[in-house]
Amino acid sequence: MSGASGGEPGVSNRITGGVFFNAVVMGRDIQVTLPAEIRPALTGLPRPAAVFTGREEQVEALLAGLSPDGAGGPLLVSAVAGMAGVGKTELVVQTAHRALREPGWFPGGVLFVDMSGYDPDRRLSAADALLSWLQAIGIPGEHIPAGVQDRARLWRSVLDAYTGRDRRLLLIVDNASSEDQVTPLLPADPAIAVLVTSRHTLDIDARLHDLDVLDQAPAVALVREVIAQRRGADDPRLHAPNQHMSRLADLCAGLPLALRVVTALLADRTHLRPDALADRLRDDQARLDGLSRQQVAVRAAFDLSYRHLTDDQALLYRLLPVNPGPDIATATTAALADLPTDRVAVLLEDLHRAHLVDEPAADRWRMHDLVRLHAADQPPTSPDETPTARHRLFTHYLHTTRAAETHLTPTGPTDTARFPDRQDALRWLDAEHGNLISVCTSAPTHDLPHITTDLAFVLGSYLHVRRHFTDWITISTIRRDICRQTGDRHGEGAAWNSLGSALRQVRRFDEAITAYTTARDIFQQLGERRGEGQAWNNLGNALSEVRRFDEAVDAYTTFRDICLQLGDRNGEGTAWNNLGNTFRQVRRFDEAITAHTNDLTICLQLGNRHGEAQAWNNLGRVLVEVRRFDEAAVTHTMARDIYHQLDDRHGEGTAWGNVGIALYELRRFAEAVVAHTMARDIFHQLGDRHGEGTAWADLGNALAGVRRFDEAITAHTTARDIFQQLGDRHREGLAWNNLGNALSEVRRFDEAVDAFTAARDIYRQLDDRHSEGTAWGNLGVALYCLYRFDEAITAYTTALEMLHPLGDRHREGMAWKNLGNALDQVRRFDEARICRQRAVDAFVEAGDAESAALVRTALDERRS
């Protein structure tokens with residue numbers, strides 16, 4: 001992608017080497033590396049039942065529509081007369097698994113979502129489903145729009161990208177109750193196949209496949225096959241008179257759900273005869289008035305099965321609907337029921353054999369929505385049975401999340417009793433993500449608002465790590481509202497602080513500044529100086545993001561002064577650190593060195609090893625800016641070693657990158673390549689795309705230093721792609737600039753001009769005068785090499801106008817020297833001589849004696 005001279009960088013929408021470019025998010029280009037395949041295990045596609053019969057004709061009809069030679073588009077599997085339990089989901093699951101085994105049909109994989117359209121407590125909106133799917137294919141949370149229409153546009157662009165790369169996807173939208181749940185999920189391209197299930201005929205312009213009950217013969221076959229599969233072909237009941245089996249099938253109204261529940265009773269009880277079971281089922285149905293035949297069949301089957309449960313099985317059956325999320329783990333179920341985990345595992349297997357729960361994935365369980373409604377409708381043995389269980393469950397989620405969160409922050413002790421390491425903690429949080437958000441949103445309706453406020457606070461670290469920023473905003477907003485309603489002003493201030501951090505991550509900086517300002521004002525009114533100080537610090541972070549550095553300095557200074565008043569030495573060190581970083585941004589390097597040195601002193605006094613490593617790292621970054629490269633290499637090495645000792649892999653990766661930068665400036669290029677490769681690999685392992693992009697950019701520079709230019713171009717292109725994906729415009733500009741340098745080295749000057757132009761335009765939009773001046777200087781070099789000397793002179797002159805007021809004497813010296821060379825080419829020799837003299841002066845002021853000597857020699861040669 002290249003930018004047009006003098007305007008916005010060009011916009012592209014294409015696939016190149018598996019990377020998706022698209023200008024649909026927040027007015028910017030993004031790039032997403034598409035997964036090679038979206039596997040069923042990663043998207044919740046249920047496993048097919050072992051026994052499936054009587055639907056072969058329907059499966060073949062659906063497969064004909066799904067095949068690459070079929071018509072494509074949505075296929076709606078609808079229940080005749082809105083019947084539940086007719087087997088719609090099982091039909092599409094069986095069909096999907098068969099289609100995925102067909103070579104070349106769906107090389108991109110499958111995306112499945114259960115819309116829970118007929119369960120008011122779990123019903124998904126189209127926006128929620130799109131969020132889930134977009135995250136599944138790798139769109140970062142901060143780039144997923146809030147509105148359903150914007151998400152739908154992005155989703156359709158992603159689908160176009162998959163189709164364009166011959167990665168055809170299969171989409172499954174299960175259990176939808178209305179058109180508004182489905183329409184935004186449908187692709188624009190009719191070649192993309194979609195399976196939709198609903199109890200009703202939806203107006204979604206789909207080919208309709210009505211699904212009716214099983215006829216008697218396949219219904220009887222289903223009963224016999226389940227018994228044979230569970231008990232073996234020699235079970236004597238398989239030879240019972242056919243009329244007994246037919247009677248059972250008729251009493252179940254041909255509904256597969258009822259048939260499976262009833263047949264499970266036969267399979268589990270070898271003494272139970274089909275005719276006796278049919279008698280019991282008939283008697284139960286006689287008690288049910290005012291229901292349709294199908295409703296009677298299902299309800300009677302559930303009632304009959306429920307009465308056969310033991311007390312513990314029945315208790316678990318009644319309590320499972322208490323979980324507000326999509327499924328539940330065995331260990332969590334044990335907390336819900338207040339029973340030992342091994343005992344609960346047995347009970348869940350019992351319910352699974354009874355076809356009252358499904359196991360969509362190993363060690364995770366869920367109920368069909370009809371079963372769930374039946375279970376929730378059963379009377380408890382005591383009035384406090386359900387509320388007490390809910391409190392146990394929600395408290396379990398809260399306490400376990402707290403234990404997991406200790407592994408996500410680099411400071412403080414970790415709870416290894418529950419989770420041995422960070423990866424184990426993240427695996428649990430990933431598996432329970434949907435449940436935890438559901439607990440946060442539903443707890444207030446069950447008079448448990450403290451669960452929401454506490455869990456929303458604890459979840460912040462995880463949601464930040466996994467970039468689930470939309471969820472973070474949602475639960476922080478709920479937390480804020482609860483605190484406001486209950487008059488908890490302190491909690492409200494903390495919630496505003498958290499909300500500001502989530503908003504800052506999705507680059508809604510103005511709203512983040514408002515949130516932090518509100519938090520600050522609340523804490524000021526309460527006289528809560530510690531909370532006020534934290535709000536000032538966060539406000540400084542947001543102001544820095546919008547490059548309002550003077551205001552950021554004021555915010556950090558206020559934070560520092562509050563910490564001094566409170567005797568909070570650790571907070572004071574943080575303030576000095578943030579001040580140092582801001583001073584570096586505005587090129588007040590002496591003040592930055594002082595600030596980081598103060599931070600370092602405090603950390604050493606407190607024995608804060610992590611803070612010490614951070615201070616060494618940031619001090620080294622300033623030392624690089626003032627060209628004290630040997631000292632910078634030492635300080636970054638100190639930081640790296642401390643991070644390694646602390647097992648802080650992220651900090652270690654950052655320090656490795658900074659070591660590489662110092663080594664590069666010392667012209668120890670081969671060592672720099674090793675350092676940046678270490679950083680890249682660490683960030684890749686951690687899933688930190690931003691850190692990985694930075695490492696690729698620095699590695700590209702080091703590779704150019706050892707003249708491995710083709711690899712350098714690849715590295716800079718990768719860095720650019722990552723930063724575009726993340727929406728980091730400043731880093732994207734840097735990557736374009738570095739790419740231009742590498743292209744220049746292999747004499748691809750036209751491409752280099754495009755790259756430098758893109759960098760220049762980005763920096764202009766960001767009002768980064770220093771970086772824009774640098775890009776103008778580099779653009780001048782590329783134009784010079786193309787013999788476009790007049791344009792090069794304009795570029796160098798513009799660079800000087802920007803760099804001189806900022807005091808960057810080294811880059812100013814380079815621009816004067818290059819301007820002199822260009823003026824020579826147009827025979828303006830007197831002006832060229834003046835430029836070279838000014839270059840010498842600038843290099844001397846910058847302390848770069850070597851460059852000054854080289855220009856002085858050239859000047860003397862021209863005089864002679």
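A residue is termed buried when its relative accessible area is under 20%, exposed when it is over 50%, and partly exposed in between (1.4 Å probe, protein chains only). The structure is a predicted model, in which local features need pLDDT of at least 70 and side-chain atom pairs count only at pLDDT 80 or more, whereas totals for chains, interfaces and linings use all residues. Residues are numbered from 1 along each chain as its sequence is written, and side-chain values use heavy atoms, with hydrogens and water left out.

Of the 864 residues of the chain, 56% count as buried. The C-alpha trace spans about 120 × 65 × 40 Å along its principal axes. Secondary structure comprises 38 helices and 11 strands, taken as DSSP runs (helices, H or I, at least four residues; strands, E, at least two) and numbered from the N terminus. With contact defined as heavy atoms within 4.5 Å, 63% of the contacts between residues at least 6 apart in sequence join residues at least 24 apart. The accessible surface, computed by the Shrake-Rupley method with a 1.4 Å probe and, for residues, with only the protein chains shown as cover, comes to about 35,900 Å², of which 49% belongs to carbon and sulfur atoms.

In soluble globular proteins, nonpolar side chains tend to be buried together. A nonpolar core is here a set of buried Ala, Val, Leu, Ile, Met, Phe, Trp, Tyr and Cys residues joined through side-chain atoms within 4.5 Å. The largest such core has 161 residues, and those with the most contacts inside it are Leu-66, Ile-172, Tyr-317, Leu-320 and Leu-459. Helix α17 (residues 422-442) supplies the largest share of this core, namely eight residues. Leaving aside residues up to four places away in sequence, Leu-459 touches Thr-401, Leu-436, Ile-437, Cys-440 and Ile-475. A second, separate core of 54 residues includes Ala-712, Met-802, Leu-803 and Ala-839.

Strand β5 (residues 109-114) is largely enclosed by the rest of the structure, because five of its six residues are buried. Strands are considered paired if DSSP finds at least two bridges between them; six bridges join β5 to strand β6 (residues 169-176), and the two run parallel. Within this pairing, Leu-111 has Leu-171 of β6 as its bridge partner.

Two residues were examined in the loop between α12 (311-319) and β9 (328-329), which holds Asp-327 and also Asn-323. Asn-323 counts as buried because its relative accessibility is 2%. Polar contacts are pairs of N or O atoms within 3.5 Å; within protein, one atom must be able to donate a hydrogen and the other to accept it, and residues adjacent in sequence count only if both atoms are side-chain atoms. The side chain of Asn-323 makes such contacts with the side chains of Tyr-397 (2.8 Å) and Asn-435 (3.2 Å). Beyond four places in sequence, Asn-323 touches Arg-122, Ile-328, Arg-372, Leu-393, Tyr-397 and Asn-435. Asp-327, at 17% relative accessibility, is likewise classed as buried.

No disulfides were found in a search of the whole structure, a disulfide being a pair of cysteine sulfur atoms within 2.5 Å. For Cys-563, which is in no disulfide, the nearest cysteine sulfur is that of Cys-603, 12 Å away. Cys-563 is buried at 2% relative accessibility, and Cys-252 is buried at 1%.
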